[in-house]
Amino acid sequence: MKNLFQKVKYKYHYYNHILRWKLNHYLSLQNRQKVITSYLSKNKVAKLQLGCGPFKLKGWLNTELFGSKDLVSLNLLKKFPIRSNSFDFVYSEHTIEHFSFDKAEHIMKESYRVLKKGGVVRVATPNLLFLFGLYNKDQINKDYLDWTTKEFNLEAKMPSFAINNFVRSWGHEFIYDYQSLSYLLKKAGFKNIKRYSPGDSEYNELKNVEHHWKSFSEQFNNLETITLEGEKL
Ligand SMILES: C[S@@+](CC[C@H](N)C(=O)[O-])C[C@H]1O[C@@H](n2cnc3c(N)ncnc32)[C@H](O)[C@@H]1O
């Protein structure tokens with residue numbers, strides 16, 4: 001009897017959660033245009049974050065696939081529900097690697113479209129070169145290999161296991177290096193492509209915007225990540 005009660009209670013909480021989540025998403029879709037228009041009218045410098053996950057940035061229009069009260073629903077695979085030439089900055093962190101190159105190209109072209117002339121895109125994503133770096137024997141690479149082997153219960157502490165895991169897990173579809181990420185940005189129309197360390201930028205608005213490290217380790221996130229900015233001239 002106690003067991004049955006527990007099961008019913010669990011199911012109630014589960015369906016209640018799903019229902020509230022769907023309702024919040026539906027309401028967010030209904031309010032979306034109002035929220036975007038209001039954001040743009042209140043912010044002289046307009047900043048758009050794509051695929052923000054749990055990391056909302058203060059003063060930014062934060063977007064995710066499923067919206068909620070303070071999160072605008074924006075499906076990266078569709079035309080962004082935003083008028084052209086309206087934002088000063090677009091930022092995405094550890095998101096484009098979850099899409100094929102073609103889809104990432106659509107995301108970057110849409111980012112280009114919604115940016116004003118002189119606007120800047122910043123993209124942070126895993127760096128393919130860091131994976132090959134795991135064959136080096138310096139301390140940070142050894143520490144990373146130790147950590148990833150334990151954390152993801154890999155068969156053996158070898159770069160090949162770590163690399164295969166990284167390329168195939170978490171829904172990763174395309175891992176970039178400097179060359180291919182610059183190519184993507186240039187193909188979308190961006191110019192003056194520059195590389196920065198996580199947290200660094202020549203624009204105050206883009207300094208310290210990285211938060212992905214909070215889900216594991218700042219040191220390892222710095223090792224994993226490549227960050228490029230490009231301008232719409
Ligand atoms: C690895 S997470 C990155 C989250 C956060 N930016 C970070 O750095 O930790 C990738 C994010 O992309 C979002 N995402 C996946 N497909 C999407 C889509 N079609 N449209 C918008 N966001 C999407 C996911 O919901 C997820 O939050």
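Q: Hi! Which residues does Leu185 touch, not counting residues up to four places away in sequence?
A: Hi! In this predicted model, Leu185 touches Met108, Val121, Phe190, Ile193, Leu228 and Gly230.

Q: And which buried residues of helix H6 are there, Leu185 included?
A: Helix H6 covers residues 178-187, and its buried residues are Leu181, Leu184 and Leu185.

Q: Why do they line one face of the helix?
A: Look down the axis of H6: the buried residues fall within an arc of 95°, so they line one face. As a general rule, an α-helix has 3.6 residues a turn, so residues three or four places apart point the same way.

Q: Is Tyr178 buried or partly exposed?
A: Tyr178 is partly exposed, because it has 14 other C-beta atoms within 10 Å, and a buried residue needs 20 or more.

Q: Which residues is Tyr178 in contact with, leaving aside neighbours within four places in sequence?
A: Those are Arg195 and Ile226.

Q: What comes just after H6?
A: Gly189 does, and it takes a positive phi of about 115°.

Q: Back to Leu185. Which residues have the most contacts inside the largest nonpolar core?
A: Leu185 is among them, together with Leu48 and Val90, in a core of 40 residues. In soluble globular proteins, nonpolar side chains tend to be buried together.

Q: Which elements give two or more residues to this core?
A: The helices are H1 (2-42), H2 and H6, and the strands are S1 (47-50), S4 (87-93), S5 and S7. The largest share comes from S5, with five residues.

Q: Which domains does the core draw on?
A: It takes at least three residues from each of domain 1 and domain 2.

Q: Where are those domains in the chain?
A: Domain 1 is made of 2-127 + 176-231, and domain 2 is 128-175. Their C-alpha centres lie 25 Å apart.

Q: How many residues are in contact between domain 1 and domain 2?
A: On the domain 1 side there are 13 residues, in contact with 11 residues of domain 2. H2 and helix H7 (218-224) are the elements that give two or more residues to that side of domain 1, and H7 gives the most, with three. By class, that side has seven nonpolar, three polar and three charged residues.

Q: New topic: which residues come nearest to the ligand?
A: Of the 16 residues around the ligand, the nearest are Gly51, Gly53, Leu65, Leu76 and His212.

Q: How many residues of each class are in the shell around the ligand?
A: The shell has eight polar, six nonpolar and two charged residues.

Q: Last one, the whole chain. How many helices and strands does the protein chain have?
A: There are seven helices and seven strands. From the N terminus on, they run α-β-β-β-β-α-β-α-α-α-α-β-α-β.

Q: And how many of the residues count as buried?
A: 32% of the 233 residues count as buried. The C-alpha atoms fill a box of roughly 70 × 55 × 30 Å along the principal axes.

Definitions and conventions
Residues are numbered from 1 along each chain as its sequence is written. This is a predicted model: local features need pLDDT of at least 70, side-chain atom pairs count only at pLDDT 80 or more; totals for chains, interfaces and linings use all residues. A residue is buried if 20 or more other C-beta atoms lie within 10 Å of its own, exposed if 12 or fewer, and partly exposed in between; C-beta atoms are placed from the backbone. Helices (H or I, at least four residues) and strands (E, at least two) are DSSP runs, numbered from the N terminus. The arc is that of the directions from the helix axis to the C-beta atoms. A residue is near a molecule or strand if its C-beta atom, placed from the backbone, lies within 6 Å of it. Ala, Val, Leu, Ile, Met, Phe, Trp, Tyr, Cys and Pro count as nonpolar, Asp, Glu, Lys and Arg as charged, and the others, Gly among them, as polar. A nonpolar core is a set of buried Ala, Val, Leu, Ile, Met, Phe, Trp, Tyr and Cys residues joined through C-beta atoms within 7 Å. Domain bounds come from an automatic or database domain assignment. Two residues are in contact if their C-beta atoms, placed from the backbone, lie within 7 Å.
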